[in-house]
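Subject: Structure handover

Hello,

Here is the structure I promised to pass on. Please open it alongside this note; my findings follow below.

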Amino acid sequence: MKPLRLVPRDTAVPFVKHRLLAFAFSAALVLGSIAAVLGIGLNFGIDFKGGTLIEVRTSEPANIGQMRSDLNGLDLGEISLQEFGSERDVLIRIQRQEGEEAEQIKAIEVVRNTLPADVEFRRTEFVGPTVGQELIEAGILAVGLALLSILIYIWFRFEWQFGVGAIVALSHDIISTLGLFAIIQHEFNLATVAAVLTIAGYSINDTVVVYDRVRENLRRYKTMPLAELFNISVNDTLSRTTMTSLTTLLALFAIYFFGGAVLADFALAMIWGIVVGTYSSIFIAVPLLLYTGLRRGDDDTGDESMLPEYERTVKNGS
Amino acid sequence: MMQFDTWKTILVAFVCLAGVAYAAPNLMQKGIGDDLPMGVPGKQISLGLDLQGGSYLLLEVEADVVVQERLEAIVDGARRALREARIGYVGLGVEGDAAGFTLREPADLERAREIAAELDSDATVSVEGDRVALTMGEEAIRQIKINAVQQSIEIVRRRVDETGTREPLIQRQGIDRILIQLPGIDDPQRIKELIGQTAKLTFHLVAVGADAGRPPPGARTLPMLEGGDIVIERRVMVSGENLVDAQPSFDQNSQPVVTIRFDSAGGQRFGRATSENVGKPFAIVLDGQVISAPVIREPILGGSAQISGRFSVQEAQDLALLLRAGALPAPLTVLEERSVGPGLGADSIAAGEIAAVIGLVLVVGFMVLCYGLFGIFANIALFVNIILILGALSALQATLTLPGIAGIVLTIGMAVDANVLIFERVRDELAAGRSPINALDAGYSRALTTIIDSNLTTLFAAVFLFALGSGPVKGFAVTLGIGILTSMFTAIMVTRLFVALWARRRRPTSLPI
């Protein structure tokens, strides 16, 4: 059996040539995302907002209307009900109650006692306002520190220009993921933050692989114009980029469709992140290097005789 | 020639065997190997509460209350001492984290300062004009809080143990928080009720005839359980600290009551107080509320007493339990609660397994399709990788959560990345005109730096998730982090071993890649 090649050997897509188009698209994506996050806002889950969430399963297909009117008669403020995964599963969200934590706990008990006895309580989550605030801070800190450490690592391993390119691409991926969640209004919770951080890891992983090839080609083709060199680097790694993205997407689609309702949103964020992360490595991270004043020799070890034979300079176009 | 040192072969074999040894118990019946010490193969992966069902409660000890009580005790002490020493004062009270009073006669300053210095060894005495203040320093407050939390944990543990919960985990978090994990409990309502009361029991004499609106000094007004207010003397006759036992029982009218027994000191004090006050009412105070205020008909000398208060049977049982376990030094507040029923936990495991199997089949098929024989090598490494992850989780006794399962499935997708990098590199080298063996060698050595760079950056994200994430998210970080390390190992070592063995035996003239 002959192995399948997703990307033919002699592929030479002019990615870098069309960079302005990609920049325009990405700028629109990022600005749109920022507008969506600021304008519509993220639909924060109880992890961040505080409040109560109860997941119940009924023995018959749930009569959500009946449950809603029962619960709304309780004078607990806004209570939202939503089918969750199947028609017997209902997610009940109770808004934060006036007063201290004790009031919130009381509300859970009232709701539990109001629903019919044959209802199975599958999950109860309560997050008080204190913890919610702390979780927000920890989330922001985690994302911030992860970005910073990645930046420092790339700076250390490459040149600062690569670090800048990587962080721009990374921010692009994170902001557009936030934008997606603002637009589709799916719940933004702790699992989503985990997804965002994983996207950051994946996106940077992808970018580093392409940068690695750029660095290698910088040493190899001493006289090739940078734009052409970048394009060759992207095409060189295109096969790997698509292969890895596809295998990861296969696994994520398995989680999305079969992993249960709790993980579905997590998988959705990741799927988006992989797609946009792959795109940004190719269309943003590499072409951006053209504008960072990257010079040949910045990253040169200098003495070619130290390199293995295959690392030494090859004449342009070989 | 593909070099693969003997020591590397041994290392690979050893690691794989260790992985199998640690992972294998998970296939056996649940609960096997629970008693084995840490680090010995045989332990199973411990499931998070979201998978096995159970409750997670985060409590805050309102330790400020303890500090306030301490300051109020200083005030009480100061009142008595100043009165005894016949020193005139005004404005005695608590302000912020200081207790203080102002002298009527500045001449009393030296004596007042001496008295103040003896009131509480942790407080710092300061004088400003003719005002004497006792301030609790930051260190003293911290110590008071730490003690209060320590004590609370002890009491909470006793109360939870009384309910018969199996394997509760109760530990301190931060300075003033307590984390409780209750496996198998999906409605922690009863536990919350039990820990929601401080259960501070005191007996006081009732200040008969006092005005509830303006209680005289040394007395205070408290609400009654059956409604209305009552004025009691602040001085405690005897308190719950002197209890040795409390049991639910019934009185002569078949009403549920709690029978308590005092220790010898408590019994004596109670006996003396009741002897001296026959015919007067006394108040039984629980958590700032007067449960009942019976009249003392005769001295109670036996060291035991009954608390009646229109309890239900359950209430009497709970009160007895609380009194036996002891009073909390300060009220506890539930900051966070996450409970998962056993049904959802089992469903989550099942869904996670299905997702993992389907993800695995897809990835494995895809790899064979794209890389042929080398895809099979990568797939063997993938299976080794999964075994190593499960083995590492068992060995480290890390908790597997639902997001953790997602982490494993994600790792299945990402784990092949290192192999993809290598195989693509080998293809490049072949295309550049290298011989098959040369291409393999060059492919592996050149892909290595890329693999390390790219995986390390993902590892950073996992480390920060672990450090700053909470609960289930931590579980995700653990599997992701372990997955990155094991996938680097399997790609660099395991597939390479297979490829080297294959190349040595076949001496290929072309690569099926």
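Helices here are DSSP runs of at least four residues (H or I), numbered from the N terminus. Please keep in mind that this is a predicted model.

First, a surface patch. Five names to look up: A:Phe253, A:Tyr256, A:Phe257, A:Phe258 and B:Ile354. Together they form a nonpolar patch on the surface, with about 480 Å² of accessible area. Which helix gives the largest share of the patch? Helix α8 of chain A, residues 226-258, with 4 residues.

Chain B takes part through B:Ile354. That residue lies in helix α9 of chain B, residues 342-396. B:Ile354 has a relative accessible area of 43%.

Next, the interface. On chain B, 72 residues are in contact with 76 residues of chain A. The size of an interface is often given as the accessible area lost when the parts come together. Here chain B and chain A bury about 6300 Å² between them. Carbon and sulfur atoms carry 63% of that area.

Then the polar side. There are 21 residue pairs in polar contact between the two chains, both residues at pLDDT 80 or more. Salt bridges between chain B and chain A come to 11. B:Asp347 forms a salt bridge with A:Arg122; their closest N and O atoms are 2.7 Å apart. Elements of chain B that give two or more residues to the side touching chain A include β18 (332-340), α9 and α10 (402-431).

Best wishes

Definitions and conventions. Residues are numbered from 1 along each chain as its sequence is written. Chains are lettered from A and ligands numbered from 1 in the order in which they are written. This is a predicted model: local features need pLDDT of at least 70, side-chain atom pairs count only at pLDDT 80 or more; totals for chains, interfaces and linings use all residues. Side-chain values use heavy atoms; hydrogens and water are left out. Patches are made of residues with over 30% relative accessible area and no salt bridge: like charges are joined within 9 Å, nonpolar side chains (Val, Leu, Ile, Met, Phe, Trp, Tyr) within 5 Å. Accessible areas come from the Shrake-Rupley method with a 1.4 Å probe; for residues, only the protein chains shown count as cover. A salt bridge is a side-chain nitrogen of Lys or Arg within 4 Å of a carboxyl oxygen of Asp or Glu. Buried means under 20% relative accessible area, exposed over 50%, partly exposed in between (1.4 Å probe, protein chains only). Contact means heavy atoms within 4.5 Å. Buried area is the accessible area (1.4 Å probe) that two parts lose on being put together, summed over both. A polar contact is a pair of N or O atoms within 3.5 Å; within protein, one must be able to donate a hydrogen and the other to accept it, and residues adjacent in sequence count only if both atoms are side-chain atoms.
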